[in-house]
Amino acid sequence: MNRSDEMDSGDLMNSGTNTSSDVSRAPSAEALYRTVSDLARAWRRADLPGAEQVAARLAGTVVRPLRELTPRPPETPGTGPEPGPATGPVPGVSAPPRPDREQLESDLLELALALTRRCITDPHPGLLEACAGAHRLVADVFGEPDTADSNTAELLELARLAAEIPAGPRGRLVVRTDGPYLLVGGPVILSSWLGEPIARPPVAALCRCGRSGSRPWCDGTHAEVGFSGAKLDTRVPDRIDTYPARQFEIRDNRGLCAHSGFCTDALPTAFRVAGEPFVAPAGARADDIFRAVQSCPSGALRVAHDDSAPPDLADTAREPGVEVSLDGPYRVTGGVDLVDDSGTGTARAPRASLEHYSLCRCGHSANKPLCSGAHWYADFHDPVPDPDTEPTLFAWAGGYPALLRMTRLFYERHVAADELLAPLFARMEPDHPERVAAWLSEVFGGPELYSRRYGGYPRMLAQHLNKHLGETQRARWVALLARSADEAGLPTDPEFRAAFTGYLEWGSRLAVENSRSDAEPPPNMPVPKWWWVCNTTPVPRPTGGAAAQPEPEPPPLPAEGETVGFAQHIQGLFRARDRGAMRFAFDLHSADDVTRHADAILAKLRDGSMPCDGVWPDDRIAVFARWIEQGTRP
C-alpha cells in the first residue's frame with residue numbers, strides 16, 4: 001500500500017479539531033504510524049500511574065495495525081519501529097522532556113480524531129483496527145462525554161466524525177483477516193448475555209481469537225499467538241435437510257448450527273439431540289416450532305412454504321445488536337452487515353438468514369467466522385464472577401432474554417387463549433411482551449430498561465388506571481405467568497421462585513388496587529426493587545436434588561505454634577452453605593462479625609449444631625479455639 005504523507009507527524013498533534021468538510025486533510029497511514037509511535041514512547045517515559053499500560057495498549061492495538069500498512073516503517077535512530085523498554089538517552093539524540101498527563105491525554109484525543117478523519121475517506125480495515133484501539137483508550141481515559149469536563153466538545157466531535165465512517169444503515173461488522181471483528185456504525189447495540197447494554201467506543205474491535213485479556217475487546221493478542229481465521233476442512237459442510245410439516249416445511253443446515261441448544265431445550269420432542277431424524281415436526285405444536293425456529297441464533301433453522309417463499313420468513317424485526325453470550329459466540333441480530341477485509345459480503349450458505357447469525361468468539365470454530373459450537377470442546381469460559389458477589393434476581397433468572405422468552409410465551413400462547421385475560425389485552429401494543437420484560441428486568445435489579453425506553457413508574461401506573469381489574473383476573477394472571485416461567489426455563493429453585501412469586505402477588509394486587517375508579521395512587525413513585533426473600537439466596541443452600549457445585553478445599557491448618565489469622569486460616573473453614581444458613585444473623589466471612597459471636601459459634605461447633613449437616617473434625621474446632629485464645633486476629 002502506497003500512501004503519500006499529506007501531513008507529517010509534527011502537524012498531526014497541532015491540526016486542531018477538523019470537521020467533516022476538511023477530512024481530506026486527514027494524515028496518511030505513515031504519518032499516523034510515526035505519530036502514534038512517538039506518543040507511545042512519550043507515555044512510556046512519563047512518570048505517571050498507569051502510563052506503562054497505556055503505552056503497551058497503544059503498541060498492541062494502534063501501532064501494530066498501522067505498521068502493517070506501511071511497507072517500510074520510518075525509523076529514527078534509537079527509537080525503533082515501535083515502543084520498547086526505556087534504555088536511557090542515546091548519544092547524539094536529545095531526549096524530550098517528560099510530558100505531563102494533561103498534554104499526553106490531549107495528544108491521545110487528537111490522535112483518535114485524526115484516525116477517525118482518515119477512516120472516513122479510507123475505511124481500510126487496518127486503519128479501522130487502529131482507530132478502534134484509539135477509541136477504546138479514549139473511552140477508558142476520558143469516560144463518557146458528559147463527565148469529561150473540558151474535553152466534552154472534542155469527545156462529541158469524535159462520536160460525530162465516527163458516524164461518518166462508511167457503514168450500512170444497520171451497522172457493519174468487518175471480519176479482519178486473522179484479526180478481530182470491527183464494529184462500525186451507531187445503531188448497533190452491544191449487550192451482555194443478560195441483556196445489559198455494554199458501552200462501546202464509536203469504532204470497536206471485538207476479540208475473536210478467544211485469548212484477549214480484556215474480552216470482549218481485542219487487545220492485540222491474536223498477533224502474538226498467530227491466530228488464523230481460516231475455515232477448516234473438517235467443518236460440517238452446508239447441507240439443507242427438509243422436514244415437511246402441515247403448515248410449512250422446516251429446513252435445517254447442520255453446517256450453520258452453533259449448537260446453542262435453544263431448539264432442543266425448548267422442544268426436545270420436536271428437535272431431538274440423539275434421535276433420527278433430528279427434526280420431528282409432529283413432536284410439537286406448529287406455533288411452538290415456529291417460535292423455536294425464530295429463536296435459532298445461528299440461522300441454521302428456517303421455515304418456508306415452498307422454494308418461492310422469501311428466505312426471511314422466520315426472521316423477526318429487531319434493532320441491530322450484538323450479544324456477547326456467556327461462554328459462547330457473538331449473537332448478531334437486526335441485519336448487521338457482515339463483510340470481509342475487501343468490503344464484500346462474507347461467504348454465506350444458500351438462503352441463509354441475513355438478519356441473524358452467530359460469530360465465533362473462542363477462536364476454535366471450524367467454520368470461521370461463524371460459530372460451529374467448538375467453544376464447548378475448547379472449554380472456553382468467560383471470567384467467573386466473584387463468589388462473594390450476591391446475584392440479583394435479574395441475573396439469576398437469566399436476564400432480559402430469559403424474561404422476554406417468558407413474557408412472549410405468556411402473551412402469545414396463554415393470554416390469547418384465555419377467556420378472562422384475552423379481552424384485557426385485545427388492544428395491547430405489538431411490543432407489549434418487550435415492555436413487561438423490561439419492567440421485570442428493572443424491578444429484579446437489572447438495568448433501567450423500562451425507565452429509559454418507556455418512562456418509568458408513571459408509564460406503568462397509567463396502564464392500570466380505571467381498568468377495574470378483578471381478583472379472578474389477577475389470580476389467573478399470576479398462575480399463567482408462573483406457568484410461562486416454567487415453559488421458558490426460568491430457574492425453579494425454591495429461593496428464586498419464592499421471590500419471583502412474591503413479586504407477582506405483590507405487583508398484581510397493587511395493580512388491582514390502582515385500577516379502581518376511586519384509586520388515587522401516588523403519581524411519581526420510583527420503580528420498585530425486588531430482592532431475595534429474607535435474604536435467602538440459592539447459592540449456599542445444600543440441594544436435595546442434583547449434586548451442587550463442589551466446595552473449594554478448606555485452607556491448610558496452621559502449624560503448631562503458628563499464629564492463627566482469620567483470613568488465612570478461619571474464613572475458608574466456613575463453606576458457602578454455612579455462610580448462607582447464618583446470614584440472617586451475621587456473616588461468617590466477616591472477621592468483625594465472627595469476632596463478635598466467636599464464643600457462641602465455638603459452642604455450636606462443639607455441640608454439632610453448626611454446621612447443620614455434620615460436626616467439624618476436632619482439629620478444626622481446636623484451630624478456631626486457638627484463634628479466640630490468641631485474640632481473634634484478622
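Mentor: R172 stands opposite V184 in β2. That pair belongs to the antiparallel strands β1 (residues 172-175) and β2 (residues 181-184), which four bridges join. Helices (H or I, at least four residues) and strands (E, at least two) are DSSP runs, numbered from the N terminus, and two strands count as paired if DSSP finds at least two bridges between them. In general, strands of a sheet pair through backbone hydrogen bonds, either parallel or antiparallel.

The model is predicted: local features need pLDDT of at least 70, side-chain atom pairs count only at pLDDT 80 or more, and totals for chains, interfaces and linings use all residues. Residues are numbered from 1 along each chain as its sequence is written, and side-chain values use heavy atoms, with hydrogens and water left out.

Both strands lie in an open sheet of four strands, ordered β4-β2-β1-β10, with mixed pairing. Its edges are β4 (203-206) and β10 (337-340); each has a single partner strand, so one side of each is left without a neighbour in the sheet. From one strand to the next, the twist averages 25°. Helix α5 (residues 125-142) packs on this sheet and touches β1, β2 and β4, where contact means heavy atoms within 4.5 Å. The direction of α5 makes about 100° with that of β4; axes are lines fitted to C-alpha atoms, for helices over the stretch in contact, and angles run from 0 to 180 degrees between N-to-C directions.
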